[in-house]
Each structure stands twice: as structure tokens, then as C-alpha cells.
Amino acid sequence: MINMEEKVQKMKHKHVWVRVVLSLLVILIIIGGIAMYYLFNFAFARGGFSDQIRSKANTEWYDSHPSQTWTQKTKDGQTLKAHYFAADQPTNKTVVVVHGYGGSARRMSTYIRMFHNDGYNVLAPDNRGFGDSTGKYIGYGWLDRVDVANWMKQVNQYDPHGELGIFGISMGASTVMYTLPLVPSNTKFAIADCGYSSINAELSHELHDVFHLPAFPILPIANWYSRFLAGYKFTDGNTTDTLKHNQIPLFIIHGSDDKFVPTKFAYQNYKNDKGKDKEIWIVRGAEHAQSKQIQPAEYQQKTDDFASKWFNNQIK
């Protein structure tokens, strides 16, 4: 009888501990979920980490030159803005310039000026979540690819007999490479400066090298939030898929000392592009998005030569 009572008491204690452990696990999961929600919003929501890493940008040229403001309404209810700078001399050639993480059309002033000085019209969008465009969450190039393709179609509506080129830096470069399967048939070239190959790989690198945090379990949880809050998965954006049938001439630029988007991505993107007309330039000593600052004259010349070659089908 005593042994039976002892067994009952032991079972009760065991059940109590099981309930305690399960309760603690539930509490930890809830706390972890809340923490991950805030971390996700810090990295992906408008006004978070993207604002903190902004470097100074010279916007004098942008601010002093007249432009038209274009509007695009997206299927998911966003109102996007882009800024069109007509060439000084009439031309049917337009370059779409795409900014990176933490950027905006205005902060791309030096690149807009570069193509404008080459004699081209320039359309510079504010990607969703940046500048004058709406959007709570950053598209990391994947959501933006559809928006950019629609901007290019809008240029064609504005000039039905025109030719298009597309240029992007950092996240904008990845946007360019993700957009290529969707571009209009009159797209003549693409230039991608310091873009990552996949969203998942870039985020994994940032967690490890920038924040010194493990990719697991943070990345899978953040991916879940992204899927349901932002509308895309980290595995969606990958140049292995978007460049495998590409036939648009592609010029890849990357700094040799890039630690934010490692230089290895340039070689991956070059390998992933199955088109026959592709070039790669690794700029010695350049850190992230600094190739133009390190080699300004050569950068201007090489991008101009590439654009001129494919717009006119001949090098100047």
C-alpha cells in the first residue's frame, strides 16, 4: 500500500515537472518569436537597419536638375515613384538606374549624372520601402524585380520606339539580375555593380560576419516572417535561376575588398549567367559600392563603352 502511494506521489511530481518544462518552453518560444519579430522588422522594415547604414551621398546634381515624377500603382496596393531625367539632346535611349539597400533615387545622383552625361535619358525609381515610394517592407530585389520591369514598360509607353538599358548597385544590382527574365525585348544591356547572387546567401553572410550571429535558427524563422509579412521567401531570389536563360549582355562590377557583399558573389553571378555576351571587372582596393570612387575615370569609361556598344551595336 505504501509502495503504491509512493508511486502515485512520484507520478504527480513527474507530471508537475513536465508541465513546468512545457510551460517554460512555451514562454521561451513566445519570447523568441517576439524577439525575432522585432529583429525581422529591424532588418526588413522601412526605417530600420537600412537607415542606420546610410553613408553620405552627394545629391547636388540631382537637386539642381529638373525631372519628371512618374507614378506606378502595384497589384499589392503600393504607390511607387520614379524620377525621369530627359537627356540634354533628344534621344530614344533610356537607362533605368536602380538604387541599393538604404538608398533612393536621390542618393543615386552620381550614377544618374554619369549616364545623363553620356547623352541618355535616365529613369531612377524609388524602390518600395524607400524614398518617395510606399511600402512597409523591403523587397531585397525580389519584389522589386516586377516593379522595375513595369517601370521599363512605362518608359516604352512614353517612347514606343526607344531602347533600354538597366543599371543597379548593391541590392539594386541584384534587382537588375532578378529582373532580366522580365525585361522588355528592347532591353539592350544590363550593368550590375556589387550584387549578391541569392538573398539567402547574403543574409547568412550578414548574420555571421556583420552581426556575429548563427544563421540557424534565425534565418529560417526570419524567412517565415518574410513569407507572411513581406510576401516572399529568401530562397526566391537567386541568379542561378534568373540568369540561366539570360541573353541580355551583362557587365558585372565588384570591389576586391567588399566585405558587405563579398566579392565571391561576382564570380558566382558571372558563372550563373549563361549568356554569351558578358564581362566582369573586379576593382582592386574597392570596398562595398566604392568602385566608382576608387576608379572614377575608368568606371565612367567602361560603363559608357558597354552601354554604347550595345545601344549602337558598336564601340565608340
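Which residues does D273 touch, not counting residues up to four places away in sequence? The first view answers this. The model is predicted: local features need pLDDT of at least 70, side-chain atom pairs count only at pLDDT 80 or more, and totals for chains, interfaces and linings use all residues. Residues are numbered from 1 along each chain as its sequence is written, and side-chain values use heavy atoms, with hydrogens and water left out.

**View A. D273 in the loop between α10 (264-272) and β8 (278-283).** D273 touches L243, N246, L250 and K278. Contact means heavy atoms within 4.5 Å. D273 is buried and has no salt bridge. Buried means under 20% relative accessible area (1.4 Å probe, protein chains only). A salt bridge puts a side-chain nitrogen of Lys or Arg within 4 Å of a carboxyl oxygen of Asp or Glu. K278, the nearest side chain of opposite charge, is 5.2 Å away.

**View B. Strands β7 (residues 250-255) and β8 run parallel.** Six bridges join them; pairing requires at least two DSSP bridges. I253 stands opposite W281 in β8.

**View C. F40 in helix α1 (residues 2-44).** F40 is buried, with a relative accessible area of 2%. Leaving aside neighbours within four places in sequence, its contacts include Y137, A222, Y225 and L229.

**View D. Helix α5 (residues 142-158) is mostly covered.** Twelve of its 17 residues are buried, among them W142, W151 and M152.

Technical notes. Helices (H or I, at least four residues) and strands (E, at least two) are DSSP runs, numbered from the N terminus. The expected span of a helix is 1.5 Å times one less than its number of residues. Buried means under 20% relative accessible area, exposed over 50%, partly exposed in between (1.4 Å probe, protein chains only). Lys and Arg count as positive and Asp and Glu as negative; His and the chain ends are not counted.
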